[in-house]
Amino acid sequence: MTASALPPLVVVAGATASGKTALSLGLAEALAGRGIPAEIISADSRQVYRGMDIGTAKVTPAERARVPHHGLDLVDPNQPFSVADFAYHASDALTGIAERGAVAILAGGTGFYLRAIARGLAVDELPWDADVRVAIEAALVADGLPTLVSELRSLAPTRAAVVDLHNPRRVVRALEIARLRGDAPLPEPRGYGRPVLWLGLSVAPPVLRERIRRRARAQFEAGLIDETRALLALFDATLFSFSGIGYAEARAVIEGRLSPEEAVAEDIRRNVHFASRQATWFRREPDICWLDATTEMPIDQALNATGEYLG
């Protein structure tokens, strides 16, 4: 895409439960109050799945009515979806946002999705092979994640050193690339095509853990188990989409392996660990303007930074 076809881009990054949704909505509405339209692109690898609403903390229909959203409900849980698929979708969304003269707000906690768009990763240059992918996914089910991690470290130690080895989807994709091209360097980022504003939300760890605890309990009380049961009636329980935090625990309740209270506790434990990994990822990103969201949502700070960026 040429710079003229790209809208101004504001990235809202941060760990799970740090308040990215609230900030992106608040920022979009504050910009609109100044006569600057804005639209949000979700950069969450779980919110692309239809029907997975409660467990992914997806924005509600009412919130979507307040601000146009993209990147949600793109595929069914049994359909493959990669960062390249996200990049193609986001490219189309960005074209439309530019044509409407709006600002794009790319908000989410999937760092690779954010980087693919805001840094211009050449995801279309990475090799893929459907047969190799199927074989690796079958090995994941049969042999477990540690076996795949071991193979990745053997085939591509450089790549393994920067991949989230706790994330099955990332390991499967990295191993697919490693089997096809070894440990060759990844293509250099192309850049977005115009300046980008990166905003990061920082929350004190004790406060973030408490937010994660409250959200996990609220999701189960809102019907996460029933949502999971309805999805399992339609789709295979071994799908990657059901390995996500919340759905794996809800499935364990349905199958009698965990009590509801145990499931909530495991959900909290996994999310706290996930937030730590996200923090490590975002610390590697340069040029992030960090905003403290420990006690209140820093809408005014985000608006001021965005105003300077647009000015």
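This is a predicted model: local features need pLDDT of at least 70, side-chain atom pairs count only at pLDDT 80 or more; totals for chains, interfaces and linings use all residues.
A residue counts as buried here when its relative accessible area is under 20%.

**Overall build**
- The chain folds into 13 helices and six strands.
- Its radius of gyration is 19 Å, which agrees with the value near 19 Å that a compact globule of 311 residues would have.
- Along the principal axes, the C-alpha trace spans about 55 × 45 × 35 Å.
- If you look at contacts with a separation of 6 or more, 79% of them link residues 24 or more positions apart.

**Surface and charge**
- You've got about 14300 Å² of accessible surface to work with, and carbon and sulfur atoms contribute 54% of that.
- There are 34 positive and 38 negative side chains, and the centres of the two sets sit 3 Å apart.

**Strand β1, residues 9-14**
- Six of the six residues in β1 are buried, so the strand is largely enclosed by the rest of the structure.
- L9, V11 and A13 point one way from β1, while V10, V12 and G14 point the other way, and all are buried.

**Who β1 pairs with**
- Strand β4 (residues 103-107) pairs with β1 in the parallel sense, over four bridges; in that pairing, V10 stands opposite I105.
- Strand β5 (residues 196-202) also runs parallel to β1, joined to it by six bridges; here L9 has V196 as its bridge partner.

How values were computed:
Residues are numbered from 1 along each chain as its sequence is written. Side-chain values use heavy atoms; hydrogens and water are left out. Helices (H or I, at least four residues) and strands (E, at least two) are DSSP runs, numbered from the N terminus. The radius of gyration is taken over C-alpha atoms; the globule rule is 2.2 Å times the number of residues to the power 0.38. Contact means heavy atoms within 4.5 Å. Accessible areas come from the Shrake-Rupley method with a 1.4 Å probe; for residues, only the protein chains shown count as cover. Lys and Arg count as positive and Asp and Glu as negative; His and the chain ends are not counted. The place of a charge is taken as NZ of Lys, CZ of Arg, CG of Asp or CD of Glu. Buried means under 20% relative accessible area, exposed over 50%, partly exposed in between (1.4 Å probe, protein chains only). Two strands pair if DSSP finds at least two bridges between them.
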